[in-house]
Each structure stands twice: as C-alpha cells, then as structure tokens.
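Colleague: I have some questions about the words used for this model. Please set each word against its rule.

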Amino acid sequence: MNLSATFHGNFVPLSQCSSCCDLRIQPYLAASMGSWRKRHRRRSSLKLYHVASAKFRNLRKQEVVCRLSETQTEPDSNNDEEKEVNENEGGDSEEPHLDSPPIVVDQINNDAETKAEFGVQDVDNNVEVSSGSPLPGVKPQQGESIRIPKETLDILKNQVFGFDTFFVTAQDPYEAGVLFKGNLRGVAAKSYEKISKRMQDKFGDEYKLFLLVNPEDDQPVAVVVPRRTLQPESTAVPEWFAAGAFGLVTLFTLLLRNVPELQSNLLSAYDNLELLKNGLPGALVTASVLGIHELSHVLVAKNTGVMLGVPYFVPSWQIGSFGTITRIINIVPKREDLLKVAAAGPLAGFSLGFVLLLLGFFLPPSDGIGVVVDASVFHECFLVGGIAKLLLGDALKEGTPISLNPLLLWAWAGLVINAINSIPAGELDGGRISFAIWGRKAATRITGASIALLGLSSLVSDVAFYWVALIFFLQRGPIAPLYEEITDPDDKYVGLGLLVLFLGLLVCLPYPFPFTEEVITSF
C-alpha cells in the first residue's frame, strides 16, 4: 500500500519522514541562530513528526483490516513508536502539550478502526458456497448480528488451519461466518479430523466447521459458522399432529385403492364405507412394504448418527400412497453416511416387494379366481413384465385375460412406491444417493434432467404429473451441506446405491416387447 497516494493532498508523503529527523536535529547543528528560530523549528519538526507517526499508526490499523489473510504483525511496534514520541516530549520541557492529530486523519481511519474492532473485511457480502439453506433443519438466527472477532480469525488461520491440513490463502464472509479458501493437504477426511480437533481444543462447541467444494471452481473450501447463530426450524403446527393427519388420509387411500367395486367411482366410498374393509389385506401388504422402507431408514440413521424428523405419508388416489417425506434434522457428517441412510430404505422395500411379488406368481388365488386382468398390464413395468414372461411363458399372450393372485398386484404397488422414491431428484432417496455418489454439482444437474423427463412423462401419465408437482414444490432441494463433502464413499456402498437407482429404473420403465411366441423363438 502506498502511503503517499493515501494521504496525497493532506500531508507530506511518508517517504519524506527522514526530513522530519533532519529538522529535529537542525537546532543543535546551528547554534549561532536566534533562540526564536530554534524554538520555532523544534516545534514545527515535532508537530510534523507527530502527524507522520499518527498516520503510520493508523495505516497499520488499516492494513490489519485489509490484509486479514497475512501473518499478524508484531504487537509491540506501535508501542515502540509511542514510547519514542513520549521520550521526545519528555526531553523537551519547554514545549507545550500538542493537540490530538488533525480531524482529517481520524475521519479517514474511522471506518478502518471500526472494522478492525469487529474483525471483518471490505469484501462482497454476497459470496455463497452453494444455493439453498446453509444447514439442514436450521436457519440463521434472527435479530442481533453475531460476528467472528478478528482475534478468533487469527487463531483459526494460524493455529487451527495449517500447512499439514488446509493452507489458507484467502477468506470471504459466508452467512454469519467465514469462508476460507486455500489448499487442502493430504486426505480430506484426516485433515477434517485434525482441524475439528484443534477447533474443539481452542473453542469447544462455539463454532461449526464445514469442508465443502466451491461450485465456482471445484476447489475445496472451509466454512466456519458460529453455533449460536443457528436455531432449529419451527412449524406452526406440531409435527406429530400434521404427520398423523397425513397418515390417516393415506390409510384411507390405501384401503380405497384395493377395493375394486369403488374404482369406477371413488366418491361413492363415502356412501359405502363398509366396503373399505375389503381393501384391508391389500392395504396391509402395501403398508408393510412402506413400513420396512421407513424402518430401515431409521435403523441405519441411528447407527450413523443421523437424526430423522417425523415421516409424512403422502396419499395417492392412483396407487394408495407415494411413500413418505422425511427430513434430516441434523448435520450429516459425510457423504458415505448420507448414502447409507438413503439407500437403506429402498433396498429393504425392493427386497420385501420382490419376495411378495414372486409369491404372488407362484401361489394360486385363495378363492380360485383371484383378479382377472389383461396380459397387456405387464407392459407397464419392465421388471414385472420380464418376470411374468419368464414364469408364465406361453400363457401370457396379447389380448388374453389372465387370473392373478391379488398379492402380486399389492406387491407391485409397493415396488412402484419404492421406485418413485428412488428417482434421482432433489431430496428423494434417489436424489440423496446421486449426491452422495457424484457430489453436489452432478446431483443438481441430474435433478434437473429427472424433473424434465418426469414433466414429459406427465403428458401421458397422471401419476407422473402428480409426482413431478410434488418434487418441484416440496422435494427439489437442494440438499444442505454436510460437515465434509469431499471424501467419496466406499465402493461397496456406491455399488448398493447404483443398485437402488437401477432397480428403480427397471420398475419405472415399460416392457417394450410383445407377449408372443414368435418373440421367444427369435431369441
């Protein structure tokens, strides 16, 4: 920083400070000059020296504010200058006490001193790591603004971060905290553990650390946020009450969906409530698939330290239910933990649904008739259509009615519910899986592509229209940052996540091949 440019037009440049010294010792070299001239020059030189010293001290304060990313300057430098000034004042008892520095200097450095006191920078306050809420289930505290003091920033840069973990090169404001840019050293997971331990030793639980990927340049960044600036989200209606209301509506739609007599006129169910008991077996089968799905989420989440909110069951007139919406209410440690929790539900649901589906193919109907459907119904699902062709063989022909155990259709509905939740979009299970496997930027693009494809499918499918609206308004995300987003999950968990996405695709895609004997022989 050029001091001459800073104070140009107000004071002499700092480069001329040597002349101050010359003026200060001139009276001792020119003893023949008059006493009035001697006193005048000594007073002028001392006043000019005070002004230059004041400018230099204020400049050092301004440099501390503008260059927070550099090493902290020696704390005693200003004291030495003040000591030197005091000695000069004490050595000349004839001189009266000089006034405070000119008001112009105070005005120039007023803003700099204020920023140095609060430890903030003159930088753009709109810097973001990614879109969406900074943390899951929490929001920035309203009311009094809380800032990280400059002393804390210095400790973070010089003692918490370091050459062996994350070498800080720059910093910017982020929400109520600070975003540190720099070079990540070593393995991300180990570096995060070291930084977290040092921060815990220095500050306890006062601050939260996030190791993320900057979407602008795909480089690692560290975000430190004061813990007290965050507060849990609150809802106007208690969660259990709202979830219970959704659950009752879902139970009604599950019963209604499994009563064939009411399918032609759904509104007639209000006049024939006694018929709903006929849909109880099918509702129980579909609900069991939903239940094992949610139970697996809960068990794995408890094992990995992830806290889940109350599940909200989503009713559907078409298939009984679209599954549940379950929030993550704490901060997930890493992508592998998110992958475990997200994949556990669909894997369990697909497993139970697949077993029940096979039983529906092998077990005869209890009444000897079962449900009579047209063979073309199996064209709606690639997985079920392929299994039907493999197991039923020549009995499965186009335009031929076929009698099925209703268990097959109930299990099929459970598979569809799991497949819908496995769509790689937003905060669905599939969206969380894609985020955990490929990272935030790729997951955002996959979400956009999935919503676009669902939008096209909604032109011919009312189920797709219903679901794309649900994703867009409630579940499109983005997924909030994890504590550490850089480390990739283990390959075995990646394989399980890909299996979930693949099974969901097989259930959602139609079976394109005709059910004729000629197709089989052509292979």
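Modeller: Start with a pair of charged residues. Lys 157 is buried, and Asp 154 is buried too. Keep in mind that this is a predicted model.

Colleague: What makes the contact of Lys 157 with Asp 154 a salt bridge?

Modeller: The rule asks for a side-chain nitrogen of Lys or Arg within 4 Å of a carboxyl oxygen of Asp or Glu. In this pair the closest N and O atoms are 4.0 Å apart. The pair is listed as a salt bridge.

Colleague: How are Lys 157 and Asp 154 placed in helix H6?

Modeller: They are three residues apart in H6, which spans residues 150-160, so about one helical turn separates them. Lys 150 belongs to the picture as well: Lys 150, Asp 154 and Lys 157 are linked in a network of salt bridges. By this rule the count comes to nine salt bridges.

Colleague: Take the salt bridge of Asp 172 and Lys 181. Why is Asp 172 called buried?

Modeller: Buried means under 20% relative accessible area. Asp 172 has 14%, so Asp 172 is buried. Lys 181 has 26% relative accessibility, so Lys 181 counts as partly exposed. Their side chains meet at 3.4 Å, N to O. The limit is 4 Å, so the word salt bridge applies.

Colleague: Which residue forms a salt bridge with Asp 218?

Modeller: Lys 441 does, with the closest N and O atoms 3.1 Å apart. Asp 218 lies in the loop between strand S4 (207-214) and strand S5 (219-226). Lys 441 lies in helix H14, residues 440-457. The pair therefore ties together parts that are 223 residues apart in sequence.

Colleague: What is the phi of Asp 218?

Modeller: It is positive, about 60°, although Asp 218 is not a glycine. Most residues other than glycine have a negative phi.

Colleague: What makes a space a pocket and not a cavity?

Modeller: In a cavity the probe fits but cannot get out, whereas a pocket is an open set. The largest pocket has a volume of about 1700 Å³. Its lining has 48 residues, and Ile 319, Glu 380, Trp 412, Val 416 and Val 463 lie nearest its centre. H12 supplies the largest share of that lining, eight residues. By class, the lining has 32 nonpolar, 12 polar and four charged residues.

Colleague: Which residues touch the most other members in the largest nonpolar core?

Modeller: Leu 357, Phe 361, Phe 378 and Ile 433 do, in a core of 37 residues. The elements that give two or more residues to this core include H9, H10, H13 and helix H16 (491-508).

Colleague: What does Ile 433 touch?

Modeller: Leaving out residues up to four places away in sequence, Ile 433 touches Leu 339, Ala 342, Ala 343, Gly 497, Val 500 and Leu 501. There is also a second, separate core of 28 residues, and Phe 180, Ala 188, Phe 203 and Val 223 are among them.

Colleague: And the chain as a whole?

Modeller: The chain has 17 helices and 10 strands. Of its 523 residues, 42% are buried. Among contacts between residues at least 6 apart in sequence, 74% join residues at least 24 apart.

Conventions:
Residues numbered from 1 in each chain as written. Predicted model: local features only at pLDDT ≥ 70, side-chain atom pairs only at ≥ 80, totals over all residues. Heavy atoms only, no water. Core = buried A, V, L, I, M, F, W, Y, C linked by side-chain atoms within 4.5 Å. Buried < 20%, exposed > 50% of the residue type's maximum accessible area, 1.4 Å probe, protein only. Helix = DSSP H or I, 4+ residues; strand = E, 2+ residues; numbered from the N terminus. Contact = heavy atoms within 4.5 Å. 1 Å grid on protein atoms, 1.4 Å probe; cavity = no way out; pocket = protein on both sides within 12 Å on 5 of 7 lines; lining within 4 Å. Points joined across faces, edges and corners; volume = space filled by probe spheres on them. Nonpolar A, V, L, I, M, F, W, Y, C, P; charged D, E, K, R; others polar.
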